Each structure stands twice: as C-alpha cells, then as structure tokens.
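I opened this entry to record what I looked up in the model. The notes follow the order of the look-ups.

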Amino acid sequence: MTTSTAVETGTANHPVVSRDRWVAERKALLAREKELSHLHDQIARERRALPWVRVDKRYVFDTPDGPRTLADLFEGRSQLIVQHFMLGPGWEQGCVGCSYMADHTDGMTVHLEHRDIAWVAISRAPLAEIERFQRRMGWKFNWVSSNGSPFNHDFGVSFTPEETARGEVYYNYAMQAFPHEEAPGISVFYKDESGEVFHTYSTYGRGVEVMMGAYNMVDLTPKGRDEGDAGMGWVRHHDRYEPAPKKSSAAAGSCCSSHG
C-alpha cells in the first residue's frame with residue numbers, strides 16, 4: 001500500500017510488514033500530514049481574511065442574569081463563538097449530535113477566554129427548558145435562549161413551518177432537504193472598541209466537527225469512525241450509553257456470537 005493510492009483496508013487481514021517498511025510508509029504519510037497542516041493554516045488565514053457583516057439588528061436573549069443583547073454576550077472580550085444548539089421549544093432533550101459537540105466545551109472555555117474569546121450556546125427553547133437539560137447533562141458553559149428572537153432564523157439554523165413544508169430550506173449556503181426545524185451550526189462575531197458587532201464566520205453541516213475533539217482521536221485508530229451507513233447513529237447523550245461492550249471470544253458474525 002502506498003499513500004498515493006491508499007484505500008480503506010479495515011482490520012481484517014490487514015498488511016503486516018517489517019519495522020523498516022512501516023517507518024518508510026509512515027514517513028510518506030507524514031509528508032501528506034504536513035501538507036494537510038499547511039493547507040489547514042492557509043484556509044485559516046483565508047477565513048480570517050473574509051469580509052465582515054455589521055450586525056445592525058438588536059438581538060435580545062433570555063439568560064440566567066436577565067435579558068442580554070448579543071453585544072453583552074461577549075462579556076468584555078472582543079470575540080464571540082456561538083454554538084447553535086438544536087433544542088427547540090417543547091423538546092424533551094437536546095439534539096444528540098449537538099450534545100456530543102457540547103461535551104467538549106467545558107474543558108476548553110478557560111483556554112478560549114485567555115485568547116480573548118467568549119463562548120456561548122444559543123437555543124430557541126425557553127430558558128427553563130434549557131436549564132433543565134443543562135442540569136441533567138452537568139454542563140457549566142454559558143447557554144442562553146433566543147426564544148422570541150429571529151436570531152436562529154437569521155443565522156440559518158431555524159426554519160419556519162412554511163419553509164419546511166416546501167421540502168427544502170436554505171441551510172449551509174444552499175437550498176436542500178432538511179428533516180428538522182432546527183439545525184446545527186457555529187457562528188463567530190467580533191466587537192470593536194466602539195461596541196459595534198460584526199458577523200465574521202459561520203459553518204454548518206460537517207463544519208461543526210471542529211468541536212468534536214473525540215472524532216480526532218477516533219480518526220487516529222485502526223478502525224477509524226467505523227460508522228458505515230449509520231453515520232452518527234452510534235452517538236448517545238453521555239448519560240444514556242449502555243456499558244461499553246466487550247469482545248466475545250466467538251468470531252463476530254458467527255452462529256455462536258449471534259445466538260450466545
């Protein structure tokens with residue numbers, strides 16, 4: 001196998017080679033990884049170079065400290081990252097994928113704060129419903145309600161009944177079918193010294209994987225994401241996983257394992 005023609009080989013009957021051969025192949029892959037790192041840096045520079053849009057609309061959110069504007073959510077910092085968390089009014093619990101994203105948040109917020117970045121999750125559910133779910137999950141990060149505000153719709157993560165009834169909504173910068181009234185996303189804002197707020201960036205779809213640090217670890221392993229056609233169907237709220245299964249001694253797919 002060479003890096004130029006590499007394909008998914010899986011773990012069954014995987015090639016086993018000498019240490020010298022492995023190092024040679026690993027160094028070839030390292031060169032490709034460095035290319036990816038340099039491309040990542042270049043795209044980050046291009047992202048920072050995007051023009052901004054002034055936020056002229058006055059958005060007000062319901063927070064544990066009372067009504068707060070978008071500018072207030074910066075908490076004295078000049079940069080703000082928003083997770084558009086899928087939790088609509090009346091939902092029993094938040095989106096599983098958004099929760100998977102949020103599980104990575106509490107550990108990183110202190111580091112973000114030391115880079116002049118505030119972080120907040122925003123959902124359309126009323127604050128009481130947000131707080132109930134947040135208590136269940138044990139999260140500490142800032143989470144506010146946009147209920148009654150057009151914020152979610154304006155930033156492309158909530159859709160009206162009329163929009164969903166048409167069968168296509170405008171999401172991720174294109175018209176497409178989307179099965180829910182809420183969608184995931186991440187948006188970034190900047191506030192200048194005069195207090196003006198600018199929208200600098202938003203990402204949707206697989207772009208939100210930037211928050212899914214566990215995927216980066218999974219991608220290092222021999223089995224990779226191992227998701228098949230089910231996609232993220234394996235993900236659960238962290239308090240809803242069954243105990244992690246152990247491998248049985250019977251071969252996977254054998255009659256003994258299927259009936260044992």
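What is the mean pLDDT of the chain, and what share of its residues reach 70 or more? The mean pLDDT (the predictor's confidence in each residue, from 0 to 100) is 91, and 92% of the residues reach 70 or more. A contact means heavy atoms within 4.5 Å.

This is a predicted model, in which local features need pLDDT of at least 70, side-chain atom pairs count only at pLDDT 80 or more, and totals for chains, interfaces and linings use all residues. Residues are numbered from 1 along each chain as its sequence is written, and side-chain values use heavy atoms, with hydrogens and water left out.

**Helix α4.** I listed the buried residues (under 20% relative accessible area, 1.4 Å probe, protein chains only) of α4, residues 127-137: L127, E129, I130, F133, Q134 and M137. Viewed down the axis of α4, they fall within an arc of 160 degrees, so they line one face of the helix. The face turned away from the buried side carries A128 and R135, which are exposed (over 50%). The cover over the buried residues includes β2 (60-63), α2 (96-102), β5 (117-123) and β6 (143-145). After α4 comes G138, with a positive phi near 75 degrees.

**Strand β4.** I then traced the pairing (at least two DSSP bridges between two strands) of β4, residues 79-84. β4 pairs with β5 in the parallel sense over six bridges, with Q79 opposite I117. β4 also pairs with β9, residues 185-191, in the antiparallel sense over six bridges, and there Q83 stands opposite I186.

Conventions. Helices (H or I, at least four residues) and strands (E, at least two) are DSSP runs, numbered from the N terminus. The arc is that of the directions from the helix axis to the C-beta atoms.
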